[in-house]
Amino acid sequence: MNSPRRHLPSMNALFAFEAAGRLRNFSRAAEELNVTPAAVSRMMQRLEVHIGSTLFRRSGNGVTLTEDGQRLFESTSRAMNLIDDTLTEIEARSRDADVVTISVSTAFTTHWLMPHMPQFKAAFPSVDLRFQLITGPLTGPVNDVDLGMRFVSGPVAGHRVFPIMPEVLLPVRARSYPVADAPHEGTIIRLSAGQPPGVGDPLDAERATTLMFSDYAIVVQAALLGQGVCWGWLNVISHWLREGQLVAERQSPCHVTDRECCIIQRNRHTDRAVVDAVREWLIAQMQDDYRAILARYPDLGIPPLSASG
């Protein structure tokens, strides 16, 4: 038989402790929990008496965790995350359709995922995608979504990393864009932020005019409309390259960074099978496009996928 659990503190006290430990302030914890600071303070005092250890060091600027407090905080945080993940899973299963949340750029959504939506719906007719869209550089945590696409160069603490492809940039233009009479003349379509360090312009900036946008989705759209030449992140523009709507400028080589385009997924005990299936579908489709572009442009220095890809 399982041994009985020792008498545990109330859930209210543990919720209050987690909030106070995370925010390092009783008043802010009280505001989050919609109770008074005095109520939080009393619960923390009773909790310390109950377990026989000091959990906080109080000061005028707030509170800090003691060594015992930090150990309990790490356990309660893991427990709260597990409860939240389980509730999310139960809520998703209670609906007819599975909901998968993904954190991706507006450019990837517009120029890769939307053209692939017929295939996605055929593969996952009961899945609803919900988006956390990023207009600037593809960064930020993925703690509140099922899947996130990021450029990384190593492990990500608390997450599983699934490589898709190297971070490759190609100078691209619409097939309808006229090739300049002199090399490197024309219009450069630039992204105002987020270009990797060490990546110059795809054309000679002194001999070219410039268009600049803050959203990479618009940069690619301008190129598709024949407005100029831009750097094309291969994970975003591979569909248009494969369809021939964009073509690579062969006079300029590709640029490969030390990062990889990856799917990031939190380490969770309650991951749903549908999330894993959507992840594997995205990776397979993107890698299929990548191989097609590699075969079409073998002379641009596009690296092959790794053996695991």
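Glu-167 is buried, with a relative accessible area of 0%, where buried means under 20% relative accessible area, exposed over 50% and partly exposed in between, using a 1.4 Å probe and protein chains only. The model is a predicted one, in which local features need pLDDT of at least 70 and side-chain atom pairs count only at pLDDT 80 or more, while totals for chains, interfaces and linings use all residues. Residues are numbered from 1 along each chain as its sequence is written, and side-chain values use heavy atoms, with hydrogens and water left out.

Glu-167 belongs to strand S6, residues 159–174; strands (E, at least two residues) and helices (H or I, at least four) are DSSP runs numbered from the N terminus. The side chain of Glu-167 has two partners to consider here. With the side chain of Thr-257 there is a polar contact of 2.6 Å, and with that of Arg-259 a polar contact of 2.7 Å. A polar contact is a pair of N or O atoms within 3.5 Å; within protein, one must be able to donate a hydrogen and the other to accept it, and residues adjacent in sequence count only if both atoms are side-chain atoms.

Leaving aside residues up to four places away in sequence, Arg-279 touches Leu-147, Arg-160, Phe-162, Ile-263 and Gln-265, contact meaning heavy atoms within 4.5 Å. Leu-147 and Arg-279 are 132 residues apart in sequence, yet their C-alpha atoms are 7.3 Å apart in space.

Turning to helix packing, H2 (residues 26–33) and H3 (residues 37–51) meet at an angle of about 110 degrees, with their axes 8 Å apart. H2 is therefore roughly perpendicular to H3, a label for angles of 65 to 115 degrees. Phe-26, Ser-27 and Ala-30 of H2 make the contact with Pro-37, Val-40, Ser-41 and Met-44 of H3. Five of these residues are nonpolar, two are polar and none is charged.

As for the cysteines, the whole structure has zero disulfides, a disulfide being a pair of cysteine sulfur atoms within 2.5 Å. For Cys-261, the nearest cysteine sulfur is that of Cys-262, 6.6 Å away. Cys-261 is buried at a relative accessible area of 1%, and Cys-254 is buried at 13%.

Technical notes:
Axes fitted to C-alpha atoms, helices over the stretch in contact; angles between N-to-C directions. Parallel < 35°, antiparallel > 145°, perpendicular 65-115°, else oblique. Nonpolar A, V, L, I, M, F, W, Y, C, P; charged D, E, K, R; others polar.
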